[in-house]
Amino acid sequence: MQPFLNQIWIARWPLWEGFLLTIEVASAAILFGTVLGCICGIQLVYGPAIVRFPFRVYVDVMRGTPVLVLILAAFYIPSVAGVSLSATQAGVLALSLFAGAHIGELMRGALQAIPPGQAEAARSIGLTFPQTLAYVLLPQALRSALPPWINTGVELIKGSSLLSIIGVGELLLRTQEVIGRTFMTIEFYVFAGALYLLANIFLDQLGKAVERRVQGR
Amino acid sequence: METTRPLLEIRGLHKRFGAVEVLKGVDLALRKGEVVSIIGSSGSGKTTLLRCVNLLEEFQSGDIVLDGETIGYSTKNGRRHRLSDRELSRQRSMTGMVFQSFNLFPHLTAAGNVMLGLRKVRRMGKAEARALAERWLGRVGLAARADHYPSQLSGGQQQRVAIARALAMDPKLVLLDEVTSALDPELVQEVLNTVKAIADDGATLLIVTHEMRFARDVSDRVVFMDQGQVVEDAPPAEIFVNPRSARLAEFLRNTRT
Amino acid sequence: MGYSLQFGAVWASFGNLLSGLALGLGLAVAAVACGTVIGLVAAFASVSSSRIARVLVGGYVMLIRNLPLLVLVLLVYFALPQLGIRFDKYESFIGALALYAGAYLTEVFRAGLVAVPKGVVEASRAIGLTRVQTNVWVVAPIMMRNALPSMGNTFIGMFKDSSIAAAIAVPELTFQARKINVDTFRVVETWIVASGLYIATCFAIAALLRRLERLFPKF
């Protein structure tokens, strides 16, 4: 046990930076993904057919493709398109697109679950559609979308581990580097696993706390 | 005429659900071949009583004796124990129950429903069980539907399969819990006819029902329960024509068909 | 820019992509098969009266669902040998994916168990079937049938997750695609074809599932 703890101490900075990068990547992805997903969800429910179609294709393509394939595609393709992306940027791009599709689907479901009477009531007091959306529909949809949204966040933290395959210095890659030096394979993989576990459980609890607060009204 | 020992004896049955006492000392006896109907308003405890006899519910005090065997509990060293799952299952196979909501096994055909108990509890071979199942389905008029699934049968047909399922186990006593209450009106009569037929065959039946005319027709005795107790217990002629208690009189007034 | 789409290089190795696809499906089938057994045992344990069983199952599910699959795969493949347990690439991956599928299926089956109508269970007990017989011959069949759609979705998910096997050099579809990418530099074409294959397969499986659901509707 002692040599293991020793090695953790020695490697504390790379491991900490790796952990931070994991959180940063997941956070960026959930941020972009939520913006994209809300637009997507709203268009899928209320948009004209000509707008709905590309969003539908986007969602179906993203959902049918494994995250790793998205990551590899985002890693290799930009360079031939003349765009230069770092591995981290490519990773965030892939994860954001992935999150956007998932959040789009869950927003679609949440919006469609609102009883039609709600929109009717809003319109009959004179609210325009954007107002109806902003003040009546979205608040209700966001409330019911919260648990699956947290779930998407958990999936992103898990997905960030795949970025190690394209050389992004997140937690898993840094762990593998330490293992490469020390050969303490099982100890450090368990250690990394524990950190992922803690992050996800924390996120889950955070979500439940927010949910309680929101229901409290 | 020799007095035979009763097939079913319920003595001083008390049952609570949490803090609420639902059965407050019930005494009831049935002889072999007797048909007894229990009537009363909801909350009177009649369904709970049936479920205690069937050992689907536990009871706090009192005895149920079926054909000489005290069922559900044993007393060792002066302390009362609920019997093991295996013992309870064996005892349950001695009574048959038909439920208000049929509760047929949706993943098995009509024949499959009847055969399951025969194969797993009575340990019959497949061919033997199948033959017996077909016989009982024929008895309730559904031989042609032996290989149909419950979803392909009407409510009345499903309930008749449920009756066949209970009877095929050759139980000493059959419990019927409001077996027509969940049926569309036009399907009620076929089920009542089936019950009358098995009564005429000599089965021992304990029936909880709202169908007053049927109770009068088919029963040897009618029992009126109110608030967890047996209030009156007499042949149908006396119960329906000459109610002795005010409670029964009022009940009959409110349910006159 | 000057990048012109040339699918020729990709078509030349299409056979490899297809065999990779078949391998991915095979991995998913194996994982879901094992995962179903795990899930059934765990689901029944999670509704049993034994507190230890419930806690263990809860712990298992929480652990696996919050762990990245890649970490689990690496643990099984690289770390277990340190304890003397040596699995080859395929066994390691299937084992890890089975554990993963098992956790998801436990939740699916548990919900299915709870949804079996109480009356049907009572009818089974009323005939005299013991608790075990009731579970085996009545509860489990009904629950499995109701759980078919969710099981199907889990299978699709596991098929997509089979792509992670590429990380330990199992030659499934993603691994083959990356090889073609690196050999030919036809990046756009390769990934279009690869993701196209995944998407088409997922759609096909989903269509098949819908058909099955119509044949075997829920109880």
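This is a predicted model: local features need pLDDT of at least 70, side-chain atom pairs count only at pLDDT 80 or more; totals for chains, interfaces and linings use all residues.
Q: How many residues of helix α1 of chain B are buried?
A: A residue is buried if 20 or more other C-beta atoms, placed from the backbone, lie within 10 Å of its own. By that test helix α1 (residues 46–53) of chain B is mostly covered, with 8 of its 8 residues buried; among them are B:Lys46 and B:Arg51 as well as B:Leu49, B:Leu50 and B:Val53.

Q: Which pair of chains has the most contacts?
A: Two residues are in contact if their C-beta atoms, placed from the backbone, lie within 7 Å. Of the 2 pairs of chains that touch, chains A and C have the most contacts, whereas no contact joins chain A and chain B, whose closest C-alpha atoms lie 30 Å apart.

Q: What does chain C bring to its contact with chain A?
A: Chain C gives 32 residues and chain A gives 28. On the side of chain C that touches chain A, the largest share, 9 residues, comes from α9(C). By class that side has 23 nonpolar, 6 polar and 3 charged residues, where Ala, Val, Leu, Ile, Met, Phe, Trp, Tyr, Cys and Pro count as nonpolar, Asp, Glu, Lys and Arg as charged, and the others, Gly among them, as polar.

Q: How many residues come from chain B and from chain C where these two touch?
A: That contact takes 20 residues from chain B and 18 residues from chain C. α2(B) gives the most to the side of chain B, with 5 residues, and the residues of that side divide into 8 nonpolar, 7 polar and 5 charged.

Q: At what angle do α4 of chain A and α9 of chain C pack?
A: Axes are lines fitted to C-alpha atoms, for helices over the stretch in contact, and angles run from 0 to 180 degrees between N-to-C directions. Helix α4 (residues 67–80) of chain A and helix α9 (residues 187–215) of chain C pack at about 155°, with their axes 9 Å apart. The two are therefore roughly antiparallel, a term for angles over 145 degrees. The contact includes A:Leu72 and A:Tyr76 of α4(A) and C:Trp191 and C:Tyr198 of α9(C), and by class it has 11 nonpolar, 1 polar and no charged residues.

Q: Where within chain C does α8(C) meet α9(C)?
A: Among the residues that meet are C:Ala177 and C:Ile180 in α8(C) and C:Thr190 and C:Leu197 in α9(C). The axes of these helices come within 9 Å and cross at roughly 165°, which makes α8(C) roughly antiparallel to α9(C).

Q: Which residues touch the most other members of the largest nonpolar core?
A: A nonpolar core is a set of buried Ala, Val, Leu, Ile, Met, Phe, Trp, Tyr and Cys residues joined through C-beta atoms within 7 Å. The largest has 202 residues, and those touching the most other members include A:Ile71, B:Leu137 and C:Val73. Not counting residues up to four places away in sequence, C:Val73 touches residues including C:Phe93, C:Ala96 and C:Ile164.

Definitions and conventions:
Residues are numbered from 1 along each chain as its sequence is written. Chains are lettered from A and ligands numbered from 1 in the order in which they are written. Helices (H or I, at least four residues) and strands (E, at least two) are DSSP runs, numbered from the N terminus. Angles under 35 degrees count as roughly parallel, over 145 as roughly antiparallel, 65 to 115 as roughly perpendicular and the rest as oblique. A residue is buried if 20 or more other C-beta atoms lie within 10 Å of its own, exposed if 12 or fewer, and partly exposed in between; C-beta atoms are placed from the backbone.
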